[in-house]
Amino acid sequence: MLQGRQNGSKAGVGEDEENNGVNGASSDSSAGKGSRQVKGAALILKQFHALLVKRFHHATRSRKDFLAQIVLPATFVLISLIFTLIVPPFGEYPSLTLMPWMYGQQFTFFSNERPFDPRMKHFADSLLNMPGLGTRCMQGELLGTLCNTSASEWEQADVSPVVQNILQSPEWNQRNPSPSCQCSTGKKLTMMPICPIGAGGLPPWQRVEATGDIMLDLTNRNISDYLVKTYPSLIRTSLKSKYWVNEQRYGGLSVGGQLPILDVDPKGIQNVFHQLGQMLNITGGLYCRLALRDIGTFLHFMESEFNVKVWYNNKGWHAMVAFMNVANNAILRAFLPSFAKPVEYGITAINHPLNLTKEQLSEVTVLTTSVDAVVAICVIFAMSFIPASFVLYLIQERVTKAKHLQFVSGVSPLVYWVANFFWDMMNYFLSTAMVVGIFIAFDKKCYTSPTNLPALIALLLLYGWSVTPMMYPMSYVFNIPSTAYVSLSCINLFIGINSSAITFILELFENNR
């Protein structure tokens, strides 16, 4: 019984093993009925897709590739374009409007040496009434918002009794109306004259003009004496620093003065020329007699009694023209008809830069071209890193035998290289798009104009298309990726910079056969 059971159990085990064997055989024979083998173009596309997925995962995990292919080129181009903004433009100078207020608020003076003459009084009113000096407060002027509606009342500063007593001394006259200042001597050197109290005379009447300037009335005063002797005190109050001084007084006008240039009789001059002709045995012809006859009239008009004198401080480079324009505006408004509005008429003086000479233009052209060449070299410097970085991954796969493993697994070498080239070109296009975007952001017309932008894009794309295949054979030369990166970057820089330099030098001799 026991043995039978054992045999029975053995028999049962044997049947189970046979059943399992039959079932295993049947399952093995039906396992491949639902599958198919990938061949031909489908296999190539599968391999191509798998290689791109492999490169994508490697790129997302490698920060060095991202820096070398994306960040570094864009940074170099950005720095080069910032450099072009720092460099001042060559020969591009704007026009300059010349007016007294270009030096800020200041003291301006006026003197009417013939206050009772109707013509001089009319001229003075045209100068002092609205719109005031120059064109700042004219109707429709852009600077009109900075003007007051009218000038203030005339007022005079208080004078101490000590100064009054000093100036009432009989020793002062029209030529020397106030105490003199002490200048530097051989024993004592002074930065500015030392003037005692009362130098320059009593404070003049003054008012605030509509333009905001302070107008001083120096009528019936020695203008030169006042300007010279009050200059030290004016400078001390306006000394801003050791290197910059605001003069505060750049010019003024005086009208009605007589030019003291000829204190002789025209008849006497005629007699002198007649005697000189007799001494030199010169027989006077018709033209000589006419000249001697009209010399009296000529001298009379040279000695004009109704002149306008413009005073200016030559420390303001444009002060002479600015105050000359103030005088011309006053003359214009003085001769307007009675029905005309003076606020609608004025003359604006503008200093236009002179045209460059041929030598200056050639120099500007060379300098501008040099800046463009520097930008081009920086672009070459930036774009040279990208193709060199493509070799790093290829060297790493070759050294670690990963590429050999892929070939053994059935990957075609053509598919391998085409997939890598496609991925590298996508990265290069992204870098190129960033570089072009930086050029557009800086609005460089020589690169982003409608005619030059397509050429820039095509040039950058063709550079990557041509240089990248040249880098692939170098993956068999180097075994260390870092060494390959540095060496290939230097080779790209050498080729690119030398080509640009040769082109730049040859362009300088384009007119020389």
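1. How far is the sulfur of C183 from the closest cysteine sulfur, and in which residue does that sulfur lie? The model is a predicted one, and in it the closest cysteine sulfur to that of C183 belongs to C181, at 7.0 Å. This separation is too far for a bond, given that a disulfide requires sulfur atoms within 2.5 Å. C183 is partly exposed, its relative accessible area being 47%.

2. One disulfide is found when the whole structure is searched. Its partners are C181 and C195, with an S to S distance of 1.9 Å. The link of C181 and C195 is right-handed, with 105° about the S-S bond. Both C181 and C195 lie in the loop between α5 (161-167) and β3 (205-208), so the pair ties together parts that are 14 residues apart in sequence.

3. Another cysteine, C378, falls in the partly exposed class with 22%.

4. Turning to the pockets, the largest pocket contains about 800 Å³ of space. It is lined by 29 residues, and those closest to its centre are A376, I377, I380, L459 and S500. Two or more lining residues are given by each of α10 (358-383), α14 (445-448), α15 (453-471) and α16 (481-508).

5. Which helix supplies the largest share of the lining of the largest pocket? That share comes from α16, which contributes nine residues. By class, the lining of the largest pocket comprises 20 nonpolar residues, seven polar residues and two charged residues.

6. The second largest pocket has a volume of about 510 Å³. Its lining consists of 25 residues, and A199, P203, Y226, T230 and S233 lie nearest its centre.

7. Helix α6 (residues 223-238) gives the most to the lining of the second largest pocket, namely eight residues. The lining of the second largest pocket divides by class into 14 nonpolar, seven polar and four charged residues.

How values were computed
Residues numbered from 1 in each chain as written. Predicted model: local features only at pLDDT ≥ 70, side-chain atom pairs only at ≥ 80, totals over all residues. Heavy atoms only, no water. 1 Å grid on protein atoms, 1.4 Å probe; cavity = no way out; pocket = protein on both sides within 12 Å on 5 of 7 lines; lining within 4 Å. Points joined across faces, edges and corners; volume = space filled by probe spheres on them. Helix = DSSP H or I, 4+ residues; strand = E, 2+ residues; numbered from the N terminus. Nonpolar A, V, L, I, M, F, W, Y, C, P; charged D, E, K, R; others polar. Buried < 20%, exposed > 50% of the residue type's maximum accessible area, 1.4 Å probe, protein only.
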